[in-house]
Amino acid sequence: MIPEGRPRPIPGRLLALVILSGFLLFPGAPAFAERSVDDLCRMRGIEKENDLARIRKAYSAAIAAGIPEVQLQPFVEDILLHKLDCSQVVRVLEVSTELRRKGLPYFVVFSKVREGMVKEASPALVVEAAEAKLNSLSASRDVLESLKTMGYRVRDFQNAALVLSSYIEKGYTGPDIVTRIGTKGIQGAGFTALSGMVDKPVRRKER
Amino acid sequence: MDTHDCRKFEELIARYVHGEILRHEREVLERHLAECPGCTVLYGEVVETDRLIRSLPPADVLPPPWLHARIMANLPEGAHRLSWFAGWGRWGWSMAATSVGAILAVLLMRGGQTPSPVRTAAVSPSSVSSAAHEAPRALPGSVLPAVPPPAPAPAPVAVPAPVTVARNADVPDAAPAVASAVKVIHEIKIYLYAPAAQRVAVTGDFNGWDAKGVELKPSGKPGMWETDLELKPGAYAYNFIVDGDVLVPDPDSPNQMPDGFGGTDSILLVKEGAPA
Amino acid sequence: MSFDDDSELARKVQQGDRDAFETLLSRYERLIFAFVFHFFHDPTLCQDLTQETFLRAWRFIGSFRLEDKFSTWLYSISKNLCIDELRRLQKGSTVDIESIDPELFSTDSDGSGDPMRSAVLAQEGDVLRRMIAHLPEKYRTCIILFYFNELSYEEISEVMKVSLTNTKILLFRGKKMLFDLYHKKSPGLGVTRG
């Protein structure tokens, strides 16, 4: 029974169908989201059409790569609030997109950028920190791929990449980590933070 | 071959078992094995034992959670004593004005599993009000959505994002036998000794560096603050927020990293428990 | 995780840095605990000896040479403690491998109510582990370090203070003893292993 005086709710499936057909029928529909990004930019003083177009493009690319808009839009709002300029916004979006495309934890960049904001780091430093994360996470992926070819099982790819990226930021190179683990094993090489995330089903490879 | 001669081959067989033998040695040994049944049997037995040991399932022998703290508590003071504040210069705190207490924070796990290793201790200065540090501005809307982002398709193992925390325990308490999309939530108790502080909070990757952070409550012991964090396995950078405006690393955490902004992050590593 | 390497941390510990020590403790407590556990199969003893290993490391860090490997130095301390404890338990007698009673390894005979103990001991392969914990000390040490702590021959030879060749021979003979114990002396074990 629908209580009197309240509008009858539109059945969910029907609503979904209407919305979906709206997107399918009107090719301009995806611009719906982009327009709101334009508005965000304008609110924060980015008004030139060329700049808006660059951010819009980077934003769309991030969504196309698979970053959910529910995360992306508040993130962009935050970085605009922190006064990143157009190029810096674009760069941070590109970094996130590239991580997402590589299957790496892009949200680490979101978190790093927000950390910089809370700590009132300059926009330039924030972008630098995001780029450093891209580099260290990419190197981590190479390390994990190498470990897999050596018979290691990566049980927790994203967290393992995260932990490895910390080692790399601390100064280890990817090949160095691979060599050390190859020679001594994970524990033996001192990369104990990785244990549980990466392991070797057979304790030591028979030669 | 008599026993005396066979003794000479012992080391060769030992290395042969592990594949660490030169080609010419291998030829000599294989010739010997071909004509010495005793050594062939011995070789077979040792290879079999090697295989048996290697096929043992890993024994998840973990130290009890309190052992770490007990060891630290038993370290004698004196000659090795050094200030805990060595790395705190940038906050401009007067060493003389600070007092310190070492506290234990124990990683508790739900479901009565074998516990993970002990979490870090947390120590804070008592006179943070002396810090000559500009207060960070509160940033609205900086909290990540509460829903963990889906793992990217190419990732071989789908895991929830370490930056978000499912506050409603939406996963079962039992540890999965293998890594899977479902992760056990670990309850981490964090203590902080900060007798002069009015407000203490912790913020970090687990809450998207929310400017307000998760508040610690007075624990009942003088100067002691505490809170529980529910975290999935992962690595989390974090800082304490003392009296609302000062972000500081956990000076007693064993895991510290430059934060890329001129400061330091403490890293909390939440590991999978041992399979039940 | 801390990302200083061990010798850098050890250097800091030599200057009295407790944080650096705690990082090393975090890095090695599981490994040392596992080593001692495999040595004795006794959780309580294992906790005490793990603690004593680290307390000694703290006390004697001044004697650690920074060019050496910290982990092998730590294992040496632990191994010496284990051997001292073993000798104390055996009151100076040495273990004769031939005299070991296979019944020792029956999982049913373990009446301990310790949940940790029973959880670990209930695992398949436990019999073999317990047999390893009854090998003479030097063979036992070698096998545990090699198979469970994954040390290299070189590292074991440093811990044991024996040559590389002798390390390999110790490992070899240890495995031979284990084979005899497993297959010849304990025909009934297949049943109790379940």
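**Figure 1. Overview of chain A in the predicted model.** Buried residues account for 42% of the 207 residues in chain A, and the model is a predicted one. The chain contains nine helices and two strands. Read from the N terminus, its elements follow the order α-α-α-α-α-α-α-β-α-α-β. Of the contacts in chain A between residues at least 6 apart in sequence, 64% link residues at least 24 apart.

**Figure 2. The largest nonpolar core, which has 90 residues.** Within this core, A160(A) and L164(A) touch the most other members. The element that gives the most to the core is helix α7 (residues 123–149) of chain A, with 10 residues. A second, separate core consists of 68 residues, including I53(B), A10(C), L25(C) and F148(C).

**Figure 3. The surroundings of A160(A).** Leaving aside residues up to four places away in sequence, A160(A) touches L144(A), V154(A), L194(A), M197(A) and V198(A).

**Figure 4. The packing of helices α5(A) and α7(A).** Two packed helices are described by the angle between their axes and the distance between the axes. Helix α5 (residues 86–101) of chain A packs with α7(A) at an angle of about 15°, and their axes are 10 Å apart. Because angles under 35 degrees count as roughly parallel, α5(A) is roughly parallel to α7(A). The crossing of α5(A) past α7(A) is left-handed.

**Figure 5. The residues in the contact of α5(A) with α7(A).** Helix α5(A) contributes Q88(A), R91(A), V92(A), V95(A), E98(A) and L99(A). From α7(A) come P123(A), V127(A), A130(A), E131(A), L134(A) and L137(A). Eight residues of this contact are nonpolar, one is polar and three are charged.

Definitions and conventions: Residues are numbered from 1 along each chain as its sequence is written. Chains are lettered from A and ligands numbered from 1 in the order in which they are written. This is a predicted model: local features need pLDDT of at least 70, side-chain atom pairs count only at pLDDT 80 or more; totals for chains, interfaces and linings use all residues. A nonpolar core is a set of buried Ala, Val, Leu, Ile, Met, Phe, Trp, Tyr and Cys residues joined through C-beta atoms within 7 Å. A residue is buried if 20 or more other C-beta atoms lie within 10 Å of its own, exposed if 12 or fewer, and partly exposed in between; C-beta atoms are placed from the backbone. Helices (H or I, at least four residues) and strands (E, at least two) are DSSP runs, numbered from the N terminus. Two residues are in contact if their C-beta atoms, placed from the backbone, lie within 7 Å. Axes are lines fitted to C-alpha atoms, for helices over the stretch in contact, and angles run from 0 to 180 degrees between N-to-C directions. Angles under 35 degrees count as roughly parallel, over 145 as roughly antiparallel, 65 to 115 as roughly perpendicular and the rest as oblique. A crossing is left-handed if the near helix is turned anticlockwise from the far one by less than a right angle, and right-handed if clockwise. Ala, Val, Leu, Ile, Met, Phe, Trp, Tyr, Cys and Pro count as nonpolar, Asp, Glu, Lys and Arg as charged, and the others, Gly among them, as polar.
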